[in-house]
Amino acid sequence: MPFLIENIIKVVFALIVLIVIGNFVLIGLAISRRQRREKYFQRIDAVRAEFRPVVREVLSGRMEYQEGLKRLQQISGLDRHYLLEQLLLEKKPSPTEEPILRRLCEDLGLVRIWQNRVKGHVDTASVREAVGRPEGILERVGRLRFLIRAKSAENLGIIRHRDSWPLLVKALDDPHPDIQSVAARALAAIRETESFPALVAQLHKVVLDASATALSLRSVKSALVSFPLDCAPALARSLQHPNRRIRFLATDILREMVVREANGDDQYDLDRKRVGAEIVEIFLTQLPFDENPDVRARSAAVIAFLSDPRSTPALLTLLRDDTWFVRLHAVRALACRKFLSQASAIGQALSDPNWRVREAAVATLRTFGAAGLNQLTAHFIHTADAYSREQVADEFQRAGLIPDLLQRYASEDDSQATQVLNQMARMGKTGYLVSVLSADAQPALRKKFLLNFARNPDPQIRQWVERVASQEPDPDLRSVAAAALGAPSAAGEV
């Protein structure tokens, strides 16, 4: 028994010694690692302080390219490529800096390294570089190697290295999902026309067989939308695909490309030379009649920009569609000056069963100036639809059209403007009207309004008349208001 206890004590003592030694080893390793990291970051700071101005001078054109290149080639050590990458890609380059930065990356050998890493090749130089950096060893672990490959693909996209597009297209089918996503973003940044069909093929994969690719629909669509309109012909097959979702996505992608290029210019014209005759024909003869209402809706914005006489009939067809959101998109698409002649057709949408369509119709007519205002006022006066009238009245106030109506009312014998004001008074929509009259209205306008509306029973008008009668400096206006207040209350409509 004593022998057993003695052995147990020895074992416990040995374990304690091992634990203490292990702790000291770990402490030593931590201190050593900290010292190495401090030295490493000191080196990075020193290199940045010395060479960052060189990079800036070269990119801005204030230093000769060859001189700057020679200076940067002086950077040496196992971490040379890493340091160069940090210096050159410290911030996103401007359009003028981009070609110079791309050339520097090529001449300094970075592009070749990035391309090899995207392929999965790790050469001896890369291993030595990894050893020279505190975090390098971790990155060389097989399971984490994708981090280096993804970063390399991203770098090729940052400098928009056009010749790397075939390599990035292959990376779209990489086994690792992160590589696929970064490759798609890099292709979107490079925007090489020849790579567009490969991304369209990925779009079909995502929709038809999601298990065939790890790419998300959002990442593929975002990449495709980034390309210029010259790539539009490659979407022709997708626009006619049997799968309704693919047709919708292709239509929506083209819509976003067109809207981006139009950049808010409602006079922008999209001719068949830009997108191809086949695309124009598909949008004018097939998509407005597609079985998928989402396709019909998204096609409206593109059709509105087509410089083809058939675009107006196509939009009017969509304006009469059975599905409310198709009509909504059609009304919004018609908000261009070139469709001014269709004001009466758009005016019919003011009585649409769906309030969103009515609201969009009001907004579209507002863009037509006087012609649109005439259409709105005529509808407001004559419609029997209480909901539509309410919406137009709200839009008159929200859009700031009341001052225009008052101006028309004051400057001429405009019975239409007078009828609108009467209708608004009956509806109790007089808050904004009274505030305009109180703020900066001309005496002639206020006098005319007093003569016609001072006896109106609307509470807000009555309060305004009382203020005029007691506070108005113009005696003529005070007497008109006082006379109206002293008379029996009446409708006061003209």
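Visitor: Is Cys-231 buried or exposed?
Guide: Buried means under 20% relative accessible area, exposed over 50%, and partly exposed in between, with a 1.4 Å probe and protein chains only. Cys-231 is buried, at 3% relative accessible area. Cys-336 also counts as buried, at 5%. This is a predicted model, where local features need pLDDT of at least 70, side-chain atom pairs count only at pLDDT 80 or more, and totals for chains, interfaces and linings use all residues. Residues are numbered from 1 along each chain as its sequence is written, and side-chain values use heavy atoms, leaving out hydrogens and water.

Visitor: How many disulfides are there?
Guide: A disulfide is a covalent bond between the sulfur atoms of two cysteines. The test here is a pair of cysteine sulfur atoms within 2.5 Å. By this rule the count is zero.

Visitor: Which residues touch the most other members of the largest nonpolar core?
Guide: In soluble globular proteins, nonpolar side chains tend to be buried together. A nonpolar core joins buried Ala, Val, Leu, Ile, Met, Phe, Trp, Tyr and Cys residues through side-chain atoms within 4.5 Å. The largest one here has 147 residues, and Leu-72 and Phe-396 touch the most other members. Helix H14 (residues 244–262) gives the largest share, nine residues. Helices are DSSP runs (H or I, at least four residues), numbered from the N terminus.

Visitor: What is Leu-72 in contact with, beyond four places in sequence?
Guide: Contact means heavy atoms within 4.5 Å. Among the partners of Leu-72 are Phe-51, Val-54, Leu-84 and Leu-108.

Visitor: Which residues of helix H16 are buried?
Guide: In H16 (residues 277–285), they are Ile-279, Val-280, Ile-282, Phe-283 and Leu-284.

Note on methods: Helices (H or I, at least four residues) and strands (E, at least two) are DSSP runs, numbered from the N terminus.
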